[in-house]
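Walk through this fold from the chain as a whole down to a single side chain. Keep the viewer open while you read.

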Amino acid sequence: MNFLLDANTLIEAKNRYYQMQICPGYWSWVEGRGVAGVLASVHSVGAELRRGNDELADWTRENDALFLPESDDETQIAFGEVAAHVAREAPRMKAGAMNDFLSGADPWLIAKARSLGAVVVTHEQHNPQIIRKFTIPNVCQHFGVPWIDTFQLLHAQGARFVLGV
């Protein structure tokens, strides 16, 4: 697996530039890249998306294989390292930032990326001065896990969505 998707990449795509009714090619492309073993996400991201009551929740249910389990030993060990790092950094952060981060899918996404040597795909921005919350890029940087956004992913993979009339 080369790339792991953060929930925000799928949510933003659905809500904005690749709405399912407007650009079904994007969603087919994601499914195809998943089948090819190039991109995926993690179960906890899938669980977040399935809690919705919309077409993205339905799509997530239909594409369950795209969401990898986090139960393997390597991911569990990496999660422990991510949690320890966040705990060390928590005193400089806003109260509750550690609990908010560790209770979501983000630390699992980073842990899975570490265990697979994958790139995280997220729309969050690197900002070492941020203290209100932990961000994926900030934690990824600490561990040497690369991250990119959706558009960098599409470019790197040579994706093309050709208009059909």
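From the N terminus, the elements of the chain follow the order β-α-α-β-α-α-β-α-α-α-β-α-β-α. The count is nine helices and five strands. The model is predicted.

How compact is the chain for its length? Its radius of gyration is 16 Å. The globule rule gives 15 Å for 165 residues, and the two values are close, so the chain is as compact as a globular protein of that length. Along the principal axes, the C-alpha atoms fill a box of roughly 55 × 30 × 30 Å.

Now look at packing. Of the 165 residues, 45% count as buried. Take the contacts in the chain with a separation of 6 or more: 75% of them come from residues 24 or more positions apart. The accessible surface amounts to about 8500 Å². Carbon and sulfur atoms hold 51% of that surface.

Charge comes next. The chain carries 14 positive side chains and 19 negative ones. The centres of these two sets lie 5 Å apart.

Turn to the strands. What is their order in the sheet? The sheet is open, has five strands and reads β3-β2-β1-β4-β5. The pairing is parallel. At the edges sit β3, residues 67-68, and β5, residues 147-148. Each of these edge strands pairs on one side only.

Follow β3 to its partner. Strand β2 covers residues 39-42 and runs parallel to β3. Two bridges join this pair.

Lys94 lies in the loop between α5, residues 73-89, and α6, residues 97-102. Is Lys94 buried or exposed? Its relative accessibility is 53%, and the cut-off for exposed is over 50%, so Lys94 counts as exposed.

Which residues does Lys94 touch, once its neighbours within four places in sequence are set aside? Lys94 is in contact with Ile131 and Arg132. Lys133 belongs in this view too. Lys94 and Lys133 are 39 residues apart along the chain, yet their C-alpha atoms are separated by 6.8 Å. Select Lys94, Ile131, Arg132 and Lys133 together to see this part of the model.

Definitions and conventions:
Residues are numbered from 1 along each chain as its sequence is written. This is a predicted model: local features need pLDDT of at least 70, side-chain atom pairs count only at pLDDT 80 or more; totals for chains, interfaces and linings use all residues. Side-chain values use heavy atoms; hydrogens and water are left out. Helices (H or I, at least four residues) and strands (E, at least two) are DSSP runs, numbered from the N terminus. The radius of gyration is taken over C-alpha atoms; the globule rule is 2.2 Å times the number of residues to the power 0.38. Buried means under 20% relative accessible area, exposed over 50%, partly exposed in between (1.4 Å probe, protein chains only). Contact means heavy atoms within 4.5 Å. Accessible areas come from the Shrake-Rupley method with a 1.4 Å probe; for residues, only the protein chains shown count as cover. Lys and Arg count as positive and Asp and Glu as negative; His and the chain ends are not counted. The place of a charge is taken as NZ of Lys, CZ of Arg, CG of Asp or CD of Glu. Two strands pair if DSSP finds at least two bridges between them.
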